Amino acid sequence: MPARRRRPSRPSAHARRPRIPGRRLTNHHNDGARMKIGIVGAGNIGKTLSRTLSAAGHDVKVANSRGPETIDPVALSTGARAVDAADAARDVEVVILSMPFNRVPAFATALSAAPADAVVIDTSNYYPLRDDRIEAIDDGEVESVWLAQQIGRPVIKAWNAIGSASLAEKGAPAGTPGRIAIPVAADDADARKLGMMLVDQTGFDGFDAGPLSESWRRQPGGPC
Ligand SMILES: NC(=O)c1ccc[n+]([C@@H]2O[C@H](COP(=O)([O-])OP(=O)(O)OC[C@H]3O[C@@H](n4cnc5c(N)ncnc54)[C@H](OP(=O)(O)O)[C@@H]3O)[C@@H](O)[C@H]2O)c1
């Protein structure tokens with residue numbers, strides 16, 4: 001794989017750009033209440049998030065690209081509903097995108113069906129050999145910052161730095177010695193809190209990983 005250009009501690013493209021218009025989270029988003037969550041992508045990561053977030057008490061719907069009848073029953077085993085991708089973002093408080101990185105921009109239109117104040121969480125990682133090469137990222141743009149621009153919404157980055165088998169099998173109750181931590185990045189501190197709360201509910205400590213501009217450190221091959 002060709003070496004990717006990485007500039008340590010750079011003044012990021014994020015810092016040079018005005019912030020994507022965002023919203024303030026309401027208390028409801030951070031108080032642990034049952035939330036309506038749409039998960040787009042029901043593969044290795046999405047099906048586990050569907051299972052664990054439903055088990056945590058949330059109202060979860062989950063979609064893939066092929067239709068509800070093809071969703072792995074594991075994703076639905078704790079109460080989540082299988083829906084069409086076009087419906088996944090409608091009438092939800094949180095949308096979790098869990099699809100290949102290069103498929104996310106094309107989902108922007110469907111995502112526009114989400115309420116303006118819905119929170120978007122993304123699990124994706126950019127793999128140049130798997131995904132289409134993206135020149136801006138190869139030139140040094142931070143993956144998650146680029147993705148947020150493409151979809152026109154602020155993004156919380158979570159669950160991207162753990163393998164799917166660990167996500168499915170190594171969750172543990174809060175306070176368990178040796179509990180694995182998962183980094184959560186977002187520009188808004190309240191958004192990070194929400195992401196960390198949801199990470200906690202999937203069986204892992206949420207680690208406050210700061211703004212999106214630093215999230216490149218947790219991309220594959222990054223220094224962490
Ligand atoms: N696997 C890991 O260990 C791991 C760890 C951390 C992060 N990640 C990242 O998390 C993301 C998901 O990984 P994964 O391993 O779960 O991928 P995956 O097993 O390949 O699943 C991808 C899912 O996305 C769905 N999808 C693709 N395009 C879609 C669209 N336009 N609308 C709705 N659904 C769509 C696919 O549906 P269909 O099957 O119907 O096409 C599939 O359910 C990737 O970006 C990956 O890099 C993966």
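Predicted model: local features only at pLDDT ≥ 70, side-chain atom pairs only at ≥ 80, totals over all residues.
## Overall make-up

The protein has 10 helices and 8 strands. Of its 224 residues, 44% are buried.

Strand 1 spans residues 36-40. Of its 5 residues, 4 are buried, so strand 1 is largely enclosed by the rest of the structure.

## Neighbours of strand 1

Strand 2 covers residues 59-63 and pairs with strand 1 over 5 bridges, in the parallel sense. Within that pairing, Lys-36 has Asp-59 of strand 2 as its bridge partner. Between strand 1 and strand 2 the chain passes through helix 3 (residues 46-55), and this β-α-β crossover is right-handed.

Strand 4 (residues 94-97) also runs parallel to strand 1, joined by 4 bridges. Ile-37 faces Val-94 of strand 4. Val-40 faces Leu-97 of strand 4.

## Helix 3

Helix 3 is mostly covered, with 9 of its 10 residues buried. The buried set runs Gly-46, Lys-47, Thr-48, Leu-49, Ser-50, Arg-51, Thr-52, Leu-53 and Ser-54. Lysine and arginine positions are therefore part of that buried set, by the count of 20 or more other C-beta atoms within 10 Å.

What lies over these residues? The cover includes strand 1, strand 2 and strand 4 from the sheet, together with helix 4 (73-76), helix 9 and helix 10 (189-201). After helix 3 comes Gly-57, which has a positive phi near 110°.

## Helix 8

The buried residues of helix 8 are Glu-143, Ser-144, Val-145, Leu-147, Ala-148 and Ile-151. An α-helix has 3.6 residues a turn, so residues three or four places apart point the same way.

Helix 8 is followed by Gly-152. The phi of Gly-152 is positive, near 70°.

Asp-91 has a value of about 55°, and Trp-159 one of about 60°.

Are their surroundings buried or exposed? Asp-91 sits in the loop between helix 5 (85-88) and strand 4. Asp-91 has 12 other C-beta atoms within 10 Å, so it is exposed. Trp-159 sits in the loop between strand 6 and helix 9 (164-169). Trp-159 counts as buried because it has 26 C-beta neighbours inside 10 Å.

## Arg-192

Arg-192 belongs to helix 10. Is this residue buried or exposed? Arg-192 counts as buried, because 23 C-beta neighbours fall inside 10 Å.

Which residues does Arg-192 touch beyond its neighbours within four places in sequence? The contacts are Val-184, Ala-186 and Asp-208. Phe-207 is 15 residues from Arg-192 along the chain, and their C-alpha atoms are separated by 9.0 Å.

## The ligand shell

The shell around the ligand holds 24 residues. Gly-41, Gly-43, Asn-64, Met-99 and Ser-124 come nearest. By class, the shell has 13 polar, 9 nonpolar and 2 charged residues.

Terms used:
Residues numbered from 1 in each chain as written. Helix = DSSP H or I, 4+ residues; strand = E, 2+ residues; numbered from the N terminus. Pairing = 2+ DSSP bridges. Right-handed = clockwise from strand over helix to strand, strands pointing away. Near = placed C-beta within 6 Å. Nonpolar A, V, L, I, M, F, W, Y, C, P; charged D, E, K, R; others polar. Contact = placed C-beta atoms within 7 Å.
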